[in-house]
Structures are given as C-alpha cells and as structure tokens.
Amino acid sequence: MNSLTKRILTLVAGWSFILLGIAGLFLPVLQGALFLLVGLIILSSEYLWAHNLLNKIRTRFPTLGRTADQAMEKATAWLRRISGQPKTD
C-alpha cells in the first residue's frame with residue numbers, strides 16, 4: 001500500500017470516528033467519548049493539533065492515557081500482522 005493511500009485511509013477513519021463521537025454525545029446508543037478518543041488517536045499521526053490535544057488528555061487523565069497507549073500497541077501489532085510486516089521490538 002503506498003503512502004498516499006495509507007494517508008487517505010487514516011484521515012477517513014479518523015474523521016469517521018470523530019463524527020461518530022460527536023453523534024454519540026447526543027445519542028444514547030453510542031459511546032461518544034470513546035469514539036472521540038479513538039478518532040484523536042488515529043488523527044494524531046497526521047495532525048499536530050490532534051497530537052497536542054491527546055497529550056493534554058494524557059496529562060490530565062493518566063489512567064486513560066495508559067489505556068490508550070496499550071490499545072495503540074495492540075492495534076499496531078494487529079495491523080502489522082495482517083499486512084505481513086515484520087515485528088519490530
């Protein structure tokens with residue numbers, strides 16, 4: 001997969017989660033805060049403002065930051081496994 005395709009997929013996924021998070025703030029069926037956090041994690045690799053906001057959230061809520069880091073590690077390992085990339089430690 002080339003870098004342009006990867007970037008487009010990252011942006012589409014990140015903004016989709018942000019939109020679901022905004023909808024989830026008003027709808028009782030969706031967990032808005034969770035979707036917003038996932039969207040920020042995805043977008044933080046592309047946007048400086050999302051990275052800075054995620055760092056502020058990690059500083060303010062350290063437990064949530066650790067949980068987000070663990071989830072990011074699992075997601076990265078899963079993506080490497082399905083794309084066939086070698087494991088890097």
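A residue is called buried when its relative accessible area is under 20%, exposed when over 50%, and partly exposed in between, using a 1.4 Å probe and protein chains only. The areas themselves come from the Shrake-Rupley method with a 1.4 Å probe, and for residues only the protein chains shown count as cover. What you see is a predicted model, where local features need pLDDT of at least 70, side-chain atom pairs count only at pLDDT 80 or more, and totals for chains, interfaces and linings use all residues. Residues are numbered from 1 along each chain as its sequence is written, and side-chain values use heavy atoms, with hydrogens and water left out.

Let us start inside. In soluble globular proteins, nonpolar side chains tend to be buried together. Here the largest nonpolar core has 9 residues: Leu11, Ile18, Leu37, Leu40, Ile41, Leu43, Ala50, Leu54 and Ala68. Such a core is a set of buried Ala, Val, Leu, Ile, Met, Phe, Trp, Tyr and Cys residues joined through side-chain atoms within 4.5 Å. Helices α1, α2 and α3 each give two or more residues to this core, and α2 supplies the largest share, with 4 residues. Helices are DSSP runs (H or I, at least four residues), numbered from the N terminus. Beyond its neighbours within four places in sequence, Ile41 is in contact with Leu54, Ala68 and Met72, where contact means heavy atoms within 4.5 Å.

Helix α2 also holds Gly39. Is Gly39 buried or exposed? Gly39 is buried, because its relative accessible area is 0%. Setting aside residues within four places in sequence, Gly39 is in contact with Gly14, Phe17 and Ile18. Gly21 lies 18 residues from Gly39 in sequence, and the two C-alpha atoms are 8.0 Å apart in space.

Now turn to helix α1, where you will find Thr10. With a relative accessible area of 19%, Thr10 counts as buried. The Thr10 side chain reaches the backbone oxygen of Lys6 at 2.8 Å. Not counting residues up to four places away in sequence, Thr10 touches Ile42, Leu43, Ser45 and Glu46.

How many salt bridges does the structure hold? There are 2 salt bridges, each being a side-chain nitrogen of Lys or Arg within 4 Å of a carboxyl oxygen of Asp or Glu. One of them joins Arg7 and Glu46, with the closest N and O atoms 3.0 Å apart. This pair links distant parts of the chain, 39 residues apart: Arg7 is in helix α1, while Glu46 is in the loop between α2 (32–43) and α3 (48–60). Arg7 is partly exposed, at a relative accessible area of 40%, and Glu46 is partly exposed at 27%.

Asp69 and Arg58 also meet in a salt bridge, at 2.8 Å from N to O. Again distant parts of the chain are linked: Asp69 is in helix α4 (residues 62–83) and Arg58 in helix α3, 11 residues apart. Asp69 is partly exposed at 32% relative accessibility, and Arg58 is partly exposed at 22%.

Finally, look at the surface. Leu19, Ile22, Leu25, Phe26, Leu27 and Val29 form a nonpolar patch there, with about 680 Å² of accessible area together. Nonpolar patches are made of residues with over 30% relative accessible area and no salt bridge, their side chains (Val, Leu, Ile, Met, Phe, Trp, Tyr) being joined within 5 Å. Leu19 is found in helix α1 (residues 3–26) and, at 57% relative accessibility, counts as exposed.

How values were computed
Patches are made of residues with over 30% relative accessible area and no salt bridge: like charges are joined within 9 Å, nonpolar side chains (Val, Leu, Ile, Met, Phe, Trp, Tyr) within 5 Å. A polar contact is a pair of N or O atoms within 3.5 Å; within protein, one must be able to donate a hydrogen and the other to accept it, and residues adjacent in sequence count only if both atoms are side-chain atoms.
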